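Student: Hi, could you walk me through the strands and the core in this one?
Tutor: Happy to, let's open it up.

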Amino acid sequence: VTEEDRKDYSGQIANLPKAGEYEVVLEARAGSNYTGTRTLTVGCGKDISKAVFSIGAEDLTYDGNSKIPAEIMLKIPLENGKTEKVTYVANGSSPFTLQFERKDDVSDQDATVFAGDVYIVAVGNPDYGYYGTTEQEGKYTIGPLNLPGYDPKYVVKIIDTTGKGTQDATGAWTFPYTNEQWHPHIEVVNKNDESKKLSKNRDYDLSYDPGCTNQGDYNIIVTGKGNYTGTIKEMFTIGKTPINDPDIVKIKWSNSGEASYAEGIPEPLLKMGTYDLVKGTDYTYTTEKVKGKLEDGTDADWENTYIFHIQGRNNFTGTREEKYVVEKTALDPAKDVDSWAPGQVYINRWDMDELMVDPNNIEWKKPTQFSLCYKKADGSIKSLEYKTDFDIASWGQNKYPGTDGNTVTIKGINGYSGVVEFPVTLYTDISLAEFITGEGGSTIVSGGSIALSRLQEALDSADPSKALAQMVSFKNLWKEEVGG
């Protein structure tokens, strides 16, 4: 109606520039039957607040850029019961605009970039005859990027921060065995543009194959998270360590290299950092004896140099040689068994058959079947070998029972030096002894055994002035064996 037709009130809206909701104030005319004012809200255009979304089925995958489905449609209910369908146009000439929101912990700065669910509301475009904001949300999903299936691929790049790794022509990395775990530092980069790097813990989780200590091949495992999914791997190798690398494997000796020949040949011990290599597991060796130099620089007269040929095993490879020069042990005689100290030699066993004197056949005794032993620093006893470790230089008179004038002189050979002399005690075989009685008679014992009481009686009644030489021998034997 026109202004003139309204008799009771005034107020109108004219020339509305855009769709939307407007207010008009109606005022009662003077002289009419009405008074006061009234404000009315007037909708101009189409309200989309009750519209619902229809979003096209489209697989969207994260790639670092904004992702919006190609088809986003609104279904707007009209007053006449019909439905109007309008489609979103991204260039701005759209009946509605979109607002994007994230409900997870991803920044909303650009909600259309990150993988996950994106929630949208539509706002009517008044320039095109629509107004209002949708009460219901629409939703679409941006899927994570599949690392192994994406082209150009993301790859695991090993960064050697130790300086110990080597890379071959194919790009494969090898690190030496150190008895410690190898977990190489890595970066995950785009194959075509290495400036595009993923962030650990945000974009991926990092793990390694179990072990990563002994020689062998191992995988670095990158598992996508957040905007990424799938798993990519990179293999590296722990190689065998050269056994002959003096900067890696150090040599030491089981006796600190200070012992002489008699103390035994030391065993080579290998050490890598704090790890002691295990013989039989990490290495084996054979030994070769040669003549070498002595401490004074002169040539040795015996095979005093030991060459150890060491062969790496399992985590170690290659060979190495180590030499050990052994100095001779000087013979030092102990006075008796009670005073026998470490570093001394002593004859602790004789062959009694070699020490028996036959009164009817006196001959020069030259015993050789005795046991010459060396007491080592740890208190253990080492038996020396006749003609290998020592030889007999001479014997004393060695004819009559007792110790007077009876000796053996020993000289060290090969690993031993010096000359020592030991007393030799000769005995009369009691099976041939003649015992003198108090009456001047004698008792001849020929073969077999004799009662100790009878020998004791003979000794007690004997006249020392008439005693024979073998009687003295018997007394010596008696004192040592019986203590009488």
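**Strands and core**

Tutor: Strand S10 (residues 116–124) and strand S12 (residues 138–143) are antiparallel partners, joined over 5 bridges. Keep in mind that this is a predicted model.

Student: Which residue in S12 does Asp117 stand opposite?
Tutor: Asp117 faces Thr141 there.

Student: And what order do the strands take in the open sheet of 4 strands?
Tutor: The order is S6-S12-S10-S9, and the pairing is mixed. Strand S6 (60–61) and strand S9 (96–101) are the edge strands, each pairing on one side only.

Student: Switching to S21 now. Do S16 and S21 run parallel or antiparallel?
Tutor: Parallel: strand S16 (residues 173–176) is joined to strand S21 (residues 231–239) by 4 bridges. Pro176 has Gly239 in S21 as its bridge partner.

Student: How many bridges link S19 and S21?
Tutor: There are 8, and strand S19 (residues 216–224) pairs with S21 in the antiparallel sense. Within S21, Phe236 is the bridge partner of Tyr218.

Student: What about the largest nonpolar core, which residues touch the most other members?
Tutor: Phe236 turns up again here, along with Leu74, Leu277, Leu372, Ile410 and Phe422. That core has 81 residues.

Student: Let's pick Ile410. What does Ile410 touch, not counting residues up to four places away in sequence?
Tutor: With those neighbours left out, Ile410 touches Leu331, Ile347, Phe370, Leu372, Phe390, Asp391, Ala393, Gly418, Val419, Val420 and Phe422. Two names on that list, Leu372 and Phe422, are also among the core residues that touch the most other members.

Terms used:
Residues numbered from 1 in each chain as written. Predicted model: local features only at pLDDT ≥ 70, side-chain atom pairs only at ≥ 80, totals over all residues. Heavy atoms only, no water. Pairing = 2+ DSSP bridges. Helix = DSSP H or I, 4+ residues; strand = E, 2+ residues; numbered from the N terminus. Core = buried A, V, L, I, M, F, W, Y, C linked by side-chain atoms within 4.5 Å. Buried < 20%, exposed > 50% of the residue type's maximum accessible area, 1.4 Å probe, protein only. Contact = heavy atoms within 4.5 Å.
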